[in-house]
Amino acid sequence: MSSNETKLQDVLKSRGIDIAQVDEQLEAEIPEAKESSKKLMETYYTLKVTADMEVPYWYNRSWWENDGELIEVRRARAMGAALAHMTPTIQPYEKIVMNKTKNVRGGFPFPWTTSSFFLAQADALMAEVDAPAENEADAVSIVGAGGGNVTKSYGNIISLAKKFGMRKEEIPVLVKTSEPWRGVSIEDLADKYSRTLPGYGQYRDLMDSVVCMFDSFAIAQGREVSNYYVPLEYGFDRIIEICEEKMAEVMGEAGDDGILGMSRGYYYAAMKEIVMGLSKWCENYSKQAAYLASIEQDAELKANYEKIKEVMHNIAHKKPANFWEAIQMTVCCHLGVTNEDAMSGLSIGRLGQVLQPYYEHDIREGIMTDEEVIEILELYRIKITCIECFASAGVSGGVLSGNTFNNLSMGGLNKEGLTAVVPLEYLIIEAGMRNRTPQPTLSVLYDEKTPEDFLMKAASCTKLGLGYPAWMNNQGGMNYMLDNYGPEGMNLEDARAWCLGGCLESSPGCFQPLHFDGKVTWVPGGASPTCGTGVHFLAMPKILELVLTNGIDKRTGKRVYPAHNKNLDSFEAVYEQWKQYMNDSILILNKVNNIQMDVWRKYLMPAVNSLLKPDCFKKGQHLGNMGARYNASINVESCGTITLINSLASIKKNVYDDKKFTIEEMTNAMINNFGFKTAYETGVFSPDFRESTENSTKYEEIFAACVNAPKYGNAIPYVDQLLKTYEYDMYKMVHSYNSYYGKPLYLCQISVSTHGPQGFITLGTADSRLAGTTYSDGSLSAAPGTDKNGLYALFESATVYDHGIHQNSQMNLKLHPSAVKGLNGTRKLLDVVRAYMRKGGFHVQFNIVDSKTLRSAQVTPDKYRDLMIRVAGFTQYWCEIGKPIQDEVIFRTQYDEA
Amino acid sequence: MDKENINLGTEKKGLIFDIQAYSVHDGPGCRTNVFFVGCPMTCKWCANPESWNKKKHIMFSDKMCKWDKGCAACRNACPHHNIKFDQSGKPSIDWGICMKCDTFDCVNICPNNAFKQVVKEYSVDELVALLRRDFNSWGPDGGVTFSGGDPLMHYEFLLEVLKKCHKLQIHTAIETEAYAKQEEFLEIMKYINFAFIDVKNMDREKHKEGTGVYNDLVLSNIRALVKAGWKGRLILRQPTIAGYNDSVENAHKLIEFMNENGLYEINLLKFHRLGLTKWEQLGKEYEYSNHGDMTEEEMELLQRLYLDNNIACYIGDDTPF
C-alpha cells in the first residue's frame, strides 16, 4: 500500500467517512497457482489434441466376441473391456489422475455411432491426406487454428475432423474397426428408417441448406448433470454385491410391467460388468503409480506416486474415505461417462455441495489444510480442461468451439429450501481464480438467500475477465423445472436440486442421502438423461428469408420448403408463414431425431451413466428405458433470436406500418445484399464491414430505413412486444411435439457458436445485417452496436416475458475493467447481476475487457464494434477514437491493472 | 404554487445529449447519468464539447464514414447542399451551416452513424418515466446523477424532475459548476443528496482565462450552500491540468477555502484527452491536443498536499463510494 493510501485511510477515519468500506477498499492479492498446477499447465499448453484407437479396438473386440449376448450386457461388457484395457498414463506432479484415453488430451472415434465417414474416406485416409469436410455444416464451420488443434496433417500425424491428430500407423486400425459397422451403425440404421418417412426429402433439404445445423445423436449424451452418488455411497465392490443381490431378487420377475419388468435382471447383470470395468481401470492406475514410485528418484515425487497408488487402489474397491479419494472417484465416473459416447456438456453439477462432507471431515481430522484442498481443486481444473470431444468439425468447431462445457454449479438452495452454499465452494472459486483454465467453467445459481460474501467472492472472480462464473437465476430455474417436469411428479424439493448441464441447459436433479462421517448429507445431482438432444439449431432468420423467397434458397438456388404462394399483404401473413415453416421443420426434424435417438438407446444404452443416474439403480432400468427420474428432457434449439426479432420489427415498421417500400422491394434488397459486396466476396464477416457496389444507390434508402428501424435492447415497446409474442408462441409450438420418450419438447435458446455458420448461409436480413455475417449471439444479447440506451434499457427489453417458460435464455455483456475496479467495483458488478436477476433475467455473463483485449481491438476493430470505454463523465465507442488516444487508454488500463 | 408548477412542468422540455446507464463513478452505487446540454463555461479542455450547443445538432465522424468503401448515401440528403465531396469521394461539411440547421436528413440516410444527432428533447414525464424504469436496476446505493454541460442551465425543468425524484425517494446527485443565480442554485440543491462541484481555479483571472467566466459566483454559491445548512454530501472536483491549475499555490488556496467552509472531500481528475475526437466531429479546434498532461507522480504529490491538511483527496475514479 502506498503512503498516500495509508494517509487517505487515516483522513477518512478522522472525518468519519464510510470507514467500514474503506478498510477493505484494497482488494486482496490473488496468490499464484501452485507449483504442481504451473508445471502441468506448461505441459498442457504444448500438447496437441489426439485421437487414438485403443478404446475403439477393445470395445470392438469385446462387442463382436459377444455377438448374440443380451444387448444391455453386451454393451456394458464392451464398454467395461475398453476401460479395463486402456493404458494408464500418469504425469509427474499429478495428484488427481486418469485420462479419457492413454493420451492427456485425447479422444477417439465412435464408428458404432457413425462409420460412413471413415468408410467413405478410407482410401483418402489411407492415402494420408486431410480428412475432407463431412457435410454442408462441416464445410461452413471454422475450427480455431491455434492452441492444440490439429487442423492440418503433418509428419506422421493425420488430421481428423479438423481438430484431432491421429498417428499414421493407427489409420489402418481406424479403417478396419469401422468396417464391421457398415450398414449397422446408429447413423446407418436410423437413416434406413428415416428414409421411410414421407418428409424425408424435406429433412435432407433442411440439413443440406444448414437451416438445421446438425444431428444431435452425434453427441447423444451430455448437456446434462452428472451424479456421483452411487459410487460415493457404496464403492465399486459393494455395488457389485448389490447387483448380485438384485439379480437374485428380480431375475425372472416382471413385476407388474409386462414390457420392461424383465429387463431389470439384465440391467443389474450389465451394471456388474461396467463396474468391474471401472474398478479394473482404477486398479491399473494404481499399478502404474506403484511402478512409477519404484523407479522414481525424487523423494517428493515418489511419495506422490505412492499416494496415488493408495488412492486408486482404495477407490477401485471401497467407498471413498476422504476428500482426495472422493474427488478422484468423481473424476473416474465423469471420464467413464465421457467415454461412452461422443460427449459434450457433461456437467459436474454442484460438486462443492457433494464433496463438502469429505472436506469437513479432512479439515477436522487434520488430514488436509485449505491450501492443500485448493491445490487438489486447481489440479482438478486441469484434469477437466483436458477432456476432449471427438465429433465432426461441424460439431466440435461450428457448434462447440472446441469446448466440452463441463460446467460446475455453485449456490442455489438445499433440500430444506435454505441456501446451499458450503465452505468448499469458496475454495472452488479461489482455485478458479488462481489456476485460470477454461474448464470447468463455473456457474452461480443466484438466489436471494445466497450469502452476500459468497456473491462478492464470485463477483470478484467474474471481474478477472475469465468469463466465469456466469450467473443464473435460481428461482427462475426452479420455476422452469416445476413447469417442465411437474407432469412427471417433480415437487418443490426436487426442483431445488436443479443446475446447469452443458453451458446453459437447465437440468433436473434430486437430493440423495450420503452416509459419511457418521451423518447423513443430502447431496444434489442430476436426475435425467441428456437435456440437450433434439431438434438442433434452427436458423430462424434464414427461415424468415425463405418465407420472403417463397421457399427457395437464393444463395444456392435450391428449394428448401414447398412454395407457400401466399400473398404477403400484412405483417401477420409474414409472421404466420414463418411459424408455418418453423412447424414444418420441427415436425420432420423431430421425427428423424426420435428415430436416431431411439436406435441409439436400443443399441448404445448408457452403461456408466445408467449406473449413476437416479433412479436407474433403484428401478433396475437403464437410461434408454426411462430409468431416470425425469425424462421430459428433449428440446428444440433456436439460433438467431434477436436477428429474427429485429428483422420482423423492420419489416413491420417499414413495409406494413410506414409503407416506405413493398415486401417485394424489401426481399429484392435482401437478395442483392442492399447493393453491398457480400462477405463471401470480401472475406470479411464482420456485421459492419460494408463495401458498396455500383448497385448501392438503388438500395440506400431501403438500407437506411432498415438501419433506423426500431431495435431490440433499447426498451422500445414496438420491437420488445414482438419478442414477447415470439417467446410465448414458441412455448406453444415446441410443446406440441413429443420426444422418443413420449414427452413434450421445450425450447432451448443457446446459439453456442452456431450463429457463425448459420449466419454464413443467410442472406442480408431486414434488420440491415449483411449476407454471410454472424447472427446476434445468445438469445438476448443486443445485436452489436444497436443497444444505444444502455444496460438498464437492455434489461428492460430482455425481461418482457417470463424466462421461466423455456430451458434458458442467454445474455452476454461486455464491461470495461474500470467500471468494476476495486471493492466498490465488485459491489457494483453484483448490483448489475442482482438488477437483472430481480427483473427475472435467467442468465448473464460478462466479458470484462482488459488492455490485452483493447490491444487486439485496435488491430481488429471490426470485431469490437460495440466496445465502449467508460470513464467518469465520458463515453465513446472504442472504434471512434483515434489511435493515439487508444494508445493512451491502453496505457492507462495497463497502469490500472499493474 | 406547487400544483401550478407541476402542471407547467409536464410541458417543460429538457435538452439532453446523453443518458448513460450503469454509471459507476459519478456518485454512490450504480447510477443513471443524465447529461444536459448547455454550459455557462467554455473550458478549453472540455471532454464533452457537444454539450455546448443548447439545441439539437449533428456530429460528423470521419472515422465512421464509409466513403472509402464506396458509400455516398448522403449525396442528396442535405437540403442546404452542404455535403460536398472531393475528387476521391470523401464528404465534408461547412459547420457554420450545419449548426444552424435542424432537419437531420443526413442523420436519417446515413447507415454508418457517421452523421448523428446528439441532442434529444425530453419532457419531465418522459425523463421521470425513464428514471423510474432504471430505479429497478440501481441497487440499494444508486440513483440518478444530473450532469452535463451544466444541469443548472435547465433550472425549471430540473427542479420539476427533482421534485418528482424526491417524492419517489430516488437518490439524486449532481455534477455542476455552481455557476447560476444563488436562489436558483439553492432551490435545486434542496432536492440533491450528493454533489460534485467543480472549482477549476482559485485564481479569478486564471478561472476566466480557462473557462470564460470569473469564479466569484461559484465560490459564493458554495459558501451560501454551506451556510444554508445543506444536509447532502459535497465533494469538490477539479480537473487537474498541467500549467493551468496544478500549482501548489492553487492547492493551498483551495485548502484554505475548504477549511473556511468546513469542506473535507475533493476529487482530482487527471486531465485526459478522450474528448479530442468529439472536438473534431464538431469541426472545432482543440487547444489541448498536445499539452496539459499530468503524470501519476504529480497527481500523487498534489493528493499528498490535501491529505496532509486532513482533506480526503481522491484521484480519478479511486473513490470510496
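**Reading the model**

Tutor: Start with helix α24 of chain A, where A:M540, A:P541, A:K542, A:I543, A:L544, A:E545, A:L546, A:V547 and A:L548 are buried. Keep in mind that this is a predicted model.

Student: How many residues of helix α24 of chain A are buried?
Tutor: General idea first. An α-helix has 3.6 residues a turn, so residues three or four places apart point the same way. Now the case here. Helix α24 of chain A spans residues 540–548, and nine of its nine residues are buried. The helix is mostly covered.

Student: Which residue with a positive phi follows α24(A)?
Tutor: That is A:N550, with phi near 60°.

Student: Next, cores. Which residues touch the most other members of the largest nonpolar core?
Tutor: In soluble globular proteins, nonpolar side chains tend to be buried together. Here the largest nonpolar core has 327 residues. The residues that touch the most other members are A:F323, A:W471, A:W578, A:F674, B:Y22 and B:F146.

Student: Which helix gives the most to this core?
Tutor: Helix α14 of chain A, residues 263–295, gives 14 residues. There is also a second, separate core of 21 residues. Its members include B:A77, B:I83, B:I93 and B:C110.

Student: How do I read aromatic pairs?
Tutor: A pair of aromatic rings is described by the distance of the centres and the angle of the planes. The whole structure holds 43 aromatic pairs over all chains. Take B:F36 and B:F146: their centres are 6.1 Å apart, with 40° between the planes, and the pair is tilted.

Student: Which parts does the pair of B:F36 and B:F146 tie together?
Tutor: B:F36 lies in strand β2 (residues 31–36) of chain B, and B:F146 in strand β8 (residues 143–147) of chain B. The pair therefore ties together parts 110 residues apart in sequence. B:F36 is buried, at 0% relative accessible area. B:F146 is buried too, with a value of 0%.

Student: Can you show me another pair?
Tutor: B:W279 and B:Y286 are also tilted, at 4.8 Å centre to centre and 40° between the planes. B:W279 is buried at 5% relative accessibility, and B:Y286 is buried at 7%.

Student: Which residues do ring pairs link into a cluster?
Tutor: The cluster holds A:Y59, A:W63, A:W64, A:F108, A:F110, A:W112 and A:W181. One of these, A:W64, has A:R74 over its face, 5.5 Å from the ring centre. In chain B, the charged end of B:R237 sits over the ring of B:F196, 3.8 Å from its centre.

Student: One last residue. Is A:A76 buried or exposed?
Tutor: Buried, with a relative accessible area of 1%. A:A76 is found in helix α5 (residues 71–84) of chain A.

Student: Beyond its neighbours within four places in sequence, which residues is A:A76 in contact with?
Tutor: A:A270, A:E273, A:I274 and A:A607. A:T533 is 457 residues from A:A76 along the chain, and their C-alpha atoms are separated by 22 Å.

Methods
Residues numbered from 1 in each chain as written. Chains lettered and ligands numbered in written order. Predicted model: local features only at pLDDT ≥ 70, side-chain atom pairs only at ≥ 80, totals over all residues. Heavy atoms only, no water. Buried < 20%, exposed > 50% of the residue type's maximum accessible area, 1.4 Å probe, protein only. Helix = DSSP H or I, 4+ residues; strand = E, 2+ residues; numbered from the N terminus. Core = buried A, V, L, I, M, F, W, Y, C linked by side-chain atoms within 4.5 Å. Phe/Tyr/Trp six-rings, centres within 6.5 Å; stacked < 30°, edge-to-face > 60°. Lys NZ or Arg CZ within 6 Å of the ring centre and 35° of its normal. Contact = heavy atoms within 4.5 Å.
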